[in-house]
Amino acid sequence: MQRREPLGGAEFAPETTYLNSASSGLLPARSAAALRAALDESASYGTMGRDYFAAASASREAFARLMGVPAERVAVGSSVAVQSAFVAASLPADAEVLAPEGDFSSLVNPLAARPGVTLRTVPLEALAEEVRPGTALVAFSAVQSRDGRIADLAAVREAARAHGARTYLDITQAAGWLPLRAADFDFVVAGAFKWLLCPRGTTFMAFGGELGAGAPWPAAAHAGWVAGEDRGASTYGLIRPAATARRFDEPHAHYSYIGAERSLALIDELGVDTVHAHNTALAAHYRAGLAERGLKPVPAPGSAIVSTPGLTDAEHRLAEAGVRISVRGGLLRAAFHLYNSTADVERLLSLLG
């Protein structure tokens, strides 16, 4: 195969062979520098900096560009679980939610905790065919965290539309490397500290589908002062929520969004299509090397995540050799991103023996 060097140039200089982006991405140099400057600024201007909203606004706009939706349709937050609780609060008390078996807990647990909601889980491959007239919401990850399997996004979207169900798509393991259209789904959430290379505490919620086409907003159940149309007049008493998706903003972690602005700019400069081609080529090279060694990863064609049974005992040995990788559910999970290279793949394969 064509040899591949890391993308991003001087933005990355890891001291390890880093193959763990499915757990947490590396921070680009530009983002780290901006965070250091923000910390220095805090010594004179407080922990909200000179301008608390500038970085969050720029990050919102950058994420919206990557997802192909207007910035007015994006809210900023701090965690997928909080956004899932918001989606759960928008459901009727007797709603059925359909989700894949074993999907990420931050996505599904807040939905199951909603009083009166029935959470029904089915195999990922059967998700589209299991949507039925009584289904109110289909909640699923675009890419499964445990093993990298990619959902049939188009089939699930069409099945949900046919039965009048809304869709809630978690793109935490997809945003930044897998080309996506957020407008195709009603709720789209992304924890941005993995493939989007942002600091922890950066999360986005995009609104598409019926909501993006002008359907009434759900109730702003967790609206605080930052969600007011006029923030200056929203610090005390009842507020008038913003007319845009900003009505669903949380008071954001300032430092996280200082870094996010720069990290998202890097992804935008490189282009998701370029990152996708790079990541999937490395993953394909790794799968071929595993096959030569008689090892069979979980089938996940086209994924940047490769998870393999029978190798979990190698994690400690790999860590001692400076390879950062993860084990999830009895699988050795390798995640290939823009700062990886062909040499990283070959090193991992040689260490597996």
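User: What is the volume of the largest pocket?

Analyst: This is a predicted model, where local features need pLDDT of at least 70, side-chain atom pairs count only at pLDDT 80 or more, and totals for chains, interfaces and linings use all residues. Residues are numbered from 1 along each chain as its sequence is written, and side-chain values use heavy atoms, without hydrogens and water. A pocket is an open set of points on a 1 Å grid over the protein atoms alone, where a 1.4 Å probe fits, with protein on both sides within 12 Å along at least five of seven lines. Filling the points with probe spheres gives the volume, here about 260 Å³.

User: Which residues are closest to the centre of the largest pocket?

Analyst: Lining residues have an atom within 4 Å of a point. The largest pocket has 19 of them, and the closest to its centre are Val80, Phe104, Thr172, Phe193 and Lys194.

User: Which helices give two or more residues to the lining of the second largest pocket?

Analyst: This pocket has a volume of about 170 Å³. Its lining counts 13 residues, with Glu41, Asp51, His254, Ile258 and Arg262 nearest the centre. Helices are DSSP runs (H or I, at least four residues) numbered from the N terminus. The contributors are H1 (29-45), H2 (54-67) and H8 (254-270).

User: Are H9 and H11 roughly parallel or roughly antiparallel?

Analyst: H9 (272-292) and H11 (342-352) pack at about 20 degrees, with axes 10 Å apart. Axes are lines fitted to C-alpha atoms over the stretch in contact, and angles run from 0 to 180 degrees between N-to-C directions. Angles under 35 degrees count as roughly parallel, and over 145 as roughly antiparallel. H9 and H11 are therefore roughly parallel.

How values were computed. Angles under 35 degrees count as roughly parallel, over 145 as roughly antiparallel, 65 to 115 as roughly perpendicular and the rest as oblique.
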